[in-house]
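Please keep the sequence and the coordinates in view while reading.

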Amino acid sequence: MDARTRYTKMMIRNTFISILKEKPVSRITVTEICEGAQINRSTFYKYYDNPGDLMNKLEEEYLQALKDKLNEIDMSDFARVYAIILTDIKDNQDYFSTIISENGDENFRDSVFSLIYQSNLGRIRELFPSMSPLHQKWLFYYFGEGLNGMLQQWMDGGMTESVEDLVNFANALITTVNDHLKDYM
């Protein structure tokens, strides 16, 4: 992609995110985006079908970039995985908060954390091979929903706590549960 194309797409996306802060994606028009990005409609349609398509492509690109980062590390290292995801969210706070707001896609947060869920399920199976599949699934959702709740509270509070504090707390919880479950089996 040449510099001009990258610049045009960046302007479209930045304009879209700005508008998304004010109104739901379903009410955003191509005309608004084009006026804000100072492009014509044909330029917009060269890259996107409509504002919903733009939203989907932004989400897909974000998830792919995050997957690429995670593919470079040991996925069994929960603390490292969680730290990378939280750092990425914090570094892109304005973008991420807008995308998952009531105007955007509130389910996008779940898509991001399905990356953690998938790695955790395999880890649970490794740590507790004699645990029944049902109990493994319960444990999987217990951790997943708990981490989602922590993430939501952290974001709602303005992400003022450090990523390290959140990761350490989550890791301590998981370690405690894991240690006690070994006695359960």
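A residue is called buried here when its relative accessible area is under 20%, exposed when the value is over 50%, and partly exposed in between. With that cut-off, the buried residues of helix α2, which covers residues 30-37, are Val30, Ile33, Cys34 and Ala37. The model is a predicted one, and the values quoted for this chain are computed from it.

**Overall build**

- The protein chain holds nine helices and zero strands, so that its elements, read from the N terminus on, run α-α-α-α-α-α-α-α-α.
- Along its principal axes, the C-alpha trace of the protein chain spans about 65 × 30 × 25 Å.
- Of the 185 residues in the protein chain, 42% count as buried.
- Among contacts in the protein chain with a separation of 6 or more, 63% are accounted for by residues 24 or more positions apart.

**Helix α2 and the residue after it**

- The buried residues Val30, Ile33, Cys34 and Ala37 cover an arc of only 95° around the axis, which puts them on the same side of α2.
- As background, an α-helix has 3.6 residues a turn, so residues three or four places apart point the same way.
- What do the buried residues of α2 pack against? Their partners are α1, α3 (41-47) and α4.
- Just after α2 comes Gln38, with a positive phi of about 55° although Gln38 is not a glycine.
- Gln38 is found in the loop between α2 and α3, and it counts as exposed because its relative accessibility is 73%.

- The 18 residues of α1 should span 26 Å at 1.5 Å a residue, and the end C-alpha atoms of α1 are 25 Å apart, which agrees.
- The buried residues of α1 are Thr5, Thr8, Lys9, Ile12, Arg13, Thr15, Phe16, Ile17, Ile19 and Leu20, and what covers them includes α2, α3, α4 and α6 (93-99).
- The axes of α1 (residues 3-20) and α4 (residues 51-71) come within 11 Å and cross at roughly 105°; because angles of 65 to 115 degrees count as roughly perpendicular, α1 and α4 are described as roughly perpendicular to each other.
- In this contact, Ile12, Arg13, Phe16, Ile17 and Leu20 of α1 meet Pro51, Leu54, Met55, Leu58 and Glu61 of α4, and by class the contact has eight nonpolar, no polar and two charged residues.
- Ser18 is also found in helix α1, but it counts as partly exposed, at 42% relative accessibility.
- The C-alpha atoms of Ser18 and Ala65 are separated by 22 Å, with the two residues 47 apart along the chain.

**Helix α5**

- Helix α5 (residues 78-91) has 14 residues and reaches 20 Å from its first C-alpha to its last, close to the 20 Å expected at 1.5 Å a residue.
- Phe78, Val81, Tyr82, Ile84, Ile85, Leu86, Asp88 and Ile89 are the buried residues of α5.

- Met159 is found in the loop between α8 (133-156) and α9 (163-184), where its phi is near 55°, a positive value in a residue other than glycine.
- Is Met159 buried or exposed? At 2% relative accessibility, Met159 counts as buried, whereas Gln38, at 73%, counts as exposed.

Key: Residues numbered from 1 in each chain as written. Predicted model: local features only at pLDDT ≥ 70, side-chain atom pairs only at ≥ 80, totals over all residues. Heavy atoms only, no water. Axes fitted to C-alpha atoms, helices over the stretch in contact; angles between N-to-C directions. Helix = DSSP H or I, 4+ residues; strand = E, 2+ residues; numbered from the N terminus. Parallel < 35°, antiparallel > 145°, perpendicular 65-115°, else oblique. Contact = heavy atoms within 4.5 Å. Nonpolar A, V, L, I, M, F, W, Y, C, P; charged D, E, K, R; others polar. Buried < 20%, exposed > 50% of the residue type's maximum accessible area, 1.4 Å probe, protein only. Arc of directions from axis to C-beta. Expected span 1.5 Å × (residues − 1).
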